[in-house]
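Dear colleague,

Please find below the structure for your records. My findings follow directly after it.

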Amino acid sequence: MNYMLIGCGRISTNHIKAALNNSFNIVAVCDLIQENMEKVLSENEIVSDKDVKMYTDYKKMLSENQAELVSIATESGNHAEIALYCINMGIHVIIEKPMAMSLYDADQIIKLSEEKNVKVCVSHQNRFNIAVQKMRKALEAGRFGRLSHGSVHVRWNRNEDYYTQAKWRGTWAQDGGALMNQCIHGIDLLRWTFGDEIEEVYGQTRQQFHHYLEAEDVGVAVVKFKNGVVATIEGTTNVYPQNLEETLYIFGENGTVKLGGKSTNNIDIWDFADEKVSDQANKGLEEATSNVYGNGHTSLFADMEDAIINDRKPYVDATAGRNALELVLAIYKSQKERKAVKLPLDNFASIDMAGEFSCGGLL
C-alpha cells in the first residue's frame with residue numbers, strides 16, 4: 001500500500017515505524033521544517049530524496065504522488081483542514097488525536113468521508129494495547145456483570161522545555177491543554193469502555209503551574225453515563241518530576257480490573273468471580289514500550305489497511321474520534337459555564353475557551 005505522512009514532529013516516528021512494520025511503500029513525507037523530515041527518515045534508516053520524497057507543501061505532495069493512505073500528524077489545529085482536503089481527493093486518512101478542535105469540523109469530516117466512501121481512522125492507538133484488548137474481551141463476554149463505576153487517571157509531566165519546542169502547544173486554537181492533548185487517549189478508553197452514551201458531565205480545569213500557556217494543565221470531571229455508570233477523570237501534566245501513570249479502573253458486580261503502567265499497557269489488577277485458568281496469565285501482565293505512545297500504531301495501521309481492502313469501518317473510526325473529542329469539549333464547556341452540561345453537545349470548540357486563564361505570554 002502506498003503511504004504518505006503529513007507532519008514530522010514528535011509523534012511522526014511512530015507513524016513511520018508502523019508503516020514500515022506493515023510493509024507499506026512510503027512514497028513521501030511533508031513538513032514545513034526540512035530538518036524534521038530529515039530527522040524522522042534518518043531515525044528509521046530511510047534515505048531521504050532517494051527512497052522517499054520530501055515536501056513543505058502537502059497539496060503539492062498529494063498532487064504529484066499517488067497513495068491510498070495518508071496520515072496527518074501536524075499541530076492539532078490543522079488536522080481538520082488537511083483531512084477534508086485528503087478526503088475530497090479520495091485518499092483514506094489516519095488522523096492523529098484529536099481529530100479536530102471543534103465538533104463542527106469533526107462532523108464535517110464524518111459527513112464528507114461518508115459521501116466520498118473514504119475511510120477515516122483516528123489514532124487512539126491505546127485501544128490496541130494487549131492489556132486493553134484483554135479487558136475489552138472480558139467486558140464483551142459479560143464477565144464484569146453489571147457495571148458500577150470507573151475512573152481514568154493520566155498523571156504525566158510536561159515542562160517548559162516541551163512547550164517551547166513548538167509554539168502551537170498549549171494554545172486554544174492549535175492544541176488545547178492537558179485534557180485535549182495528553183489525556184484524550186485515556187478519555188477515549190473511558191468512554192469506549194462504559195458504553196459511549198453520556199447523559200451529563202461536570203468538569204473543573206485549572207492552570208496551576210504552566211502560566212505561560214493559554215490552556216489548562218489539570219482537569220477533573222464526573223461523567224454520568226446513560227446506562228447508570230458513573231466515572232471520574234483526572235488528567236494533568238503537573239506531576240513532578242516525570243510521567244507517573246495512565247490508569248483505567250473498571251468496577252463491576254463480578255469483576256474488578258485496573259490497567260496501569262505509563263499508558264494503560266499493564267494489568268495491575270485482574271479479579272473475576274468466574275476465575276479461569278487463563279486468568280493467571282493476565283495477572284501482572286506488562287507490555288514493554290519504548291515511550292508513552294505505546295506499540296499500538298502498528299496494529300492501528302494494519303487494521304486500517306484491512307478496512308480499506310475489505311471496505312469496512314476501521315476499528316477506531318471517525319465517530320470514535322468524535323466521541324473522545326466531545327467528552328473533552330464537554331469538560332471545557334462545563335468549566336466555562338461553571339455548571340454541568342448535557343450531552344450530546346451542540347457545537348463547541350477549543351477556541352471558545354480563549355481567555356479562560358491568564359497567559360504569561362511566553363508563546
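In helix α5, the residues Leu103, Ala106, Ile109, Ile110, Leu112 and Ser113 are buried, meaning under 20% relative accessible area with a 1.4 Å probe and protein chains only. Their cover includes α4, β5 (92–96), β6 and α11 (318–337). Helices (H or I, at least four residues) and strands (E, at least two) are DSSP runs numbered from the N terminus.

The model is predicted: local features need pLDDT of at least 70, side-chain atom pairs count only at pLDDT 80 or more, and totals for chains, interfaces and linings use all residues. Residues are numbered from 1 along each chain as its sequence is written, and side-chain values use heavy atoms, with hydrogens and water left out.

Helix α4 (residues 79–88) packs against α5 (residues 103–116) at an angle of about 10 degrees, the axes being 10 Å apart; axes are lines fitted to C-alpha atoms, for helices over the stretch in contact, and angles run from 0 to 180 degrees between N-to-C directions. The two helices are therefore roughly parallel, a term for angles under 35 degrees. After α5 comes Asn117, with a positive phi near 55 degrees.

Six strands form an open, parallel sheet in the order β3-β2-β1-β4-β5-β6, where pairing requires at least two DSSP bridges between two strands. β3 (53–55) and β6 (120–123) are at the edges with a single partner strand each, so one side of each has no neighbour in the sheet.

Yours sincerely

Methods
Parallel < 35°, antiparallel > 145°, perpendicular 65-115°, else oblique. Buried < 20%, exposed > 50% of the residue type's maximum accessible area, 1.4 Å probe, protein only. Contact = heavy atoms within 4.5 Å.
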